[in-house]
Amino acid sequence: MITSVLIVGLGASIGSLIRFGMTNLLKAMFSKSAFPVATFFINITGSFLLGLINARLPHNTFTLAFFIAILGGYTTFSTYMNETVQLGTKKKLMAYSYYVLSAVVGIIAAWIGYII
């Protein structure tokens, strides 16, 4: 049990650090955009990678715990919801677009990852 906890903790830490770096990079690249590009990109690439990993890697405890923990630390649903609400207070159409695009493109990315 302790080994599993350590594997998940390590994976989540790695994913969180990757997310932190990607968020800073993307926010610098798209600083003038009102659209939450960083969270959108992170959630779509995380969906793709989860589909890919789920379809291609062996389903053992280590692999699933480690990679799902990395992607769990990398992606975030709560930020997605918070940014949707924040956009909705000022730009309702952009908030709706972000919400729908994230869900639809995320499912497509996961499916593509699974197929590949």
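## Packing of helix 2 and helix 5

Helix 2, covering residues 37-56, packs with helix 5, covering residues 92-115, at an angle of about 25 degrees, and the two axes lie 7 Å apart. Because angles under 35 degrees count as roughly parallel, helix 2 is described as roughly parallel to helix 5. The crossing of helix 2 and helix 5 is right-handed. These values come from a predicted model.

Sorted by class, the contact of helix 2 with helix 5 has 13 nonpolar, seven polar and one charged residues.

## The overall chain

The secondary structure of the protein chain comprises five helices and zero strands. Read along the sequence, the pattern is α-α-α-α-α. The C-alpha trace spans about 45 × 30 × 25 Å along its principal axes.

Of the 116 residues in the protein chain, 32% are buried. Among contacts with a separation of 6 or more, 71% are between residues 24 or more positions apart.

## The largest nonpolar core

The largest nonpolar core has eight residues in all: Phe35, Phe40, Ile44, Tyr80, Leu87, Ala95, Tyr98 and Ala109. Two or more of these residues come from each of helix 2, helix 4 (77-90) and helix 5. Helix 5 gives the most to this core, with three residues. In soluble globular proteins, nonpolar side chains tend to be buried together.

## Tyr98 in detail

Tyr98 is found in helix 5 and belongs to the largest nonpolar core.

When neighbours within four places in sequence are left aside, Tyr98 is in contact with Phe35, Pro36, Thr39, Phe40, Tyr80, Glu83, Thr84 and Leu87. Among these partners, Phe35, Phe40, Tyr80 and Leu87 also belong to the largest nonpolar core. Phe35 and Tyr98 are 63 residues apart in sequence, and their C-alpha atoms are 7.5 Å apart in space.

Key:
Residues numbered from 1 in each chain as written. Predicted model: local features only at pLDDT ≥ 70, side-chain atom pairs only at ≥ 80, totals over all residues. Heavy atoms only, no water. Axes fitted to C-alpha atoms, helices over the stretch in contact; angles between N-to-C directions. Helix = DSSP H or I, 4+ residues; strand = E, 2+ residues; numbered from the N terminus. Parallel < 35°, antiparallel > 145°, perpendicular 65-115°, else oblique. Left-handed = near helix turned anticlockwise from the far one by under 90°. Nonpolar A, V, L, I, M, F, W, Y, C, P; charged D, E, K, R; others polar. Core = buried A, V, L, I, M, F, W, Y, C linked by side-chain atoms within 4.5 Å. Buried < 20%, exposed > 50% of the residue type's maximum accessible area, 1.4 Å probe, protein only. Contact = heavy atoms within 4.5 Å.
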